[in-house]
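The following exercises are to be worked through with the sequence and the three-dimensional structure at hand. Each task is followed by a solution in steps.

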Amino acid sequence: MAVVFVAASKLPTPFAEFTMHGFLDEETGKEHVALTLGDVADGEPVLGRLHSECLTGDALFSQRCDCGAQLEAALHAIAAEGRGVLLYLRQEGRGIGLLNKIRAYQLQDGGADTVEANEQLGFAADLRDYSICKPMLDHLGIHSLRLMTNNPRKVNAVQGFGVVVSERKPLQVGENSHNRLYLATKANKLGHWLGREHQDEHHD
């Protein structure tokens, strides 16, 4: 995996002043970012999130998904704790890219759900590759995460590349009248933990 560290700088935000670490995937040319707060290399489990880019939700305030709300909630949680990491991964549209995501949205406007739309375009439901996170976490000295996610694939992927998930913290935010079907599809077809019965889960 040819993901290399490029540079780091301060990033003041409304939540906290993070350190922003830039990485380049030399195989794809994609640029990824890690935001850290506090000492994340002290050996203790780190509150963290792996967040895949969603231009529409993160930057354009789309109500079709819960991505922007999850990003904001994760940064709030890290700031409140004074320590943590957020990996911002350039894997737009679950890996299909922005323009294909707009094509998928067009199909959803016609009645398809998110999985059906991807499949009608010839893509798998989720093409994201979380193995790119391993060299980023290694560079930051992080070997154990308290992972903020509702996605079992993320937990399995992180554990699969040798990082401990000591705890899973649900991140159920941003539900609205425009994304209820989207969230139901996440739960029913992609297995996301979105029911109220899923509280904090430990993976010791």
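**Exercise 1. Determine the average confidence of the protein chain and the share of residues that score at least 70.**

Solution. The confidence is expressed as pLDDT, the predictor's confidence in each residue, from 0 to 100. The protein chain has an average pLDDT of 88, and 88% of the residues score at least 70. Over residues 196-204, the pLDDT is below 50. Beyond near neighbours in sequence, this stretch has 21 contacts in the model, a contact being a case of heavy atoms within 4.5 Å.

The model is predicted, so that local features need a pLDDT of at least 70 and side-chain atom pairs count only at pLDDT 80 or more, while totals for chains, interfaces and linings use all residues. Residues are numbered from 1 along each chain as its sequence is written, and side-chain values use heavy atoms, with hydrogens and water left out.

**Exercise 2. State how many helices and strands the protein chain has, and what percentage of its residues is buried.**

Solution. Step one is the count: the protein chain has 7 helices and 8 strands. Helices (H or I, at least four residues) and strands (E, at least two) are DSSP runs, numbered from the N terminus.

Step two concerns burial. A residue is buried under 20% relative accessible area, exposed over 50%, and partly exposed in between (1.4 Å probe, protein chains only). Of the 204 residues in the protein chain, 48% are buried.

Step three concerns contacts between residues at least 6 apart in sequence: 63% of these join residues at least 24 apart.

**Exercise 3. Describe how S1 and S2 pair, and examine alanine 7 in strand S1.**

Solution. Strands pair if DSSP finds at least two bridges between them. S1 and S2 pair in the antiparallel sense, over 9 bridges. A hairpin through 4 residues joins S1 to S2. Lysine 10 stands opposite threonine 19 in S2.

Alanine 7 belongs to strand S1. Because its relative accessibility is 42%, alanine 7 counts as partly exposed. Leaving out residues up to four places away in sequence, alanine 7 touches Met20, His21 and Gly22. The C-alpha atoms of alanine 7 and valine 33 are separated by 10.0 Å, the two residues being 26 residues apart along the chain.

**Exercise 4. Identify the buried residues of helix H5 and what covers them.**

Solution. Helix H5 spans residues 133-140, and its buried residues are Cys133, Pro135, Met136, Leu137 and Leu140. Their cover includes strands S1 (3-12), S2 (17-25), S3 (31-37), S4 (46-52), S5 (84-89) and S6 (144-148). After H5 comes glycine 141, which has a positive phi, near 75°.

**Exercise 5. Locate the cysteines that UniProt lists for "binding site".**

Solution. The unreviewed UniProt entry lists Cys54, Cys65 and Cys67 under this name. Of these residues, Cys65 and Cys67 are included in the lining of the second largest pocket. On a 1 Å grid over the protein atoms alone, a pocket is an open set of points where a 1.4 Å probe fits, with protein on both sides within 12 Å along at least five of seven lines; lining residues have an atom within 4 Å of a point. UniProt positions follow the numbering used here, feature names are shortened, and annotations may be inferred rather than shown by experiment.

Cysteine 54 lies in the loop between S4 and helix H1 (55-59). Cysteine 54 counts as buried because its relative accessibility is 4%. Apart from neighbours within four places in sequence, its contacts are Ala59, Cys65, Cys67, Tyr88, Glu92 and Lys101. Cysteine 67 is part of helix H2 (residues 67-81), and it is buried, with a relative accessible area of 14%.

**Exercise 6. Where is arginine 128 placed, and which side chains make polar contacts with its side chain?**

Solution. Arginine 128 is in the loop between helix H4 (114-120) and H5. With a relative accessible area of 12%, arginine 128 is therefore buried.

A polar contact is a pair of N or O atoms within 3.5 Å; within protein, one must be able to donate a hydrogen and the other to accept it, and residues adjacent in sequence count only if both atoms are side-chain atoms. The side chain of arginine 128 makes such a contact with that of serine 52, at 3.4 Å, and with that of tyrosine 130, at 3.2 Å.
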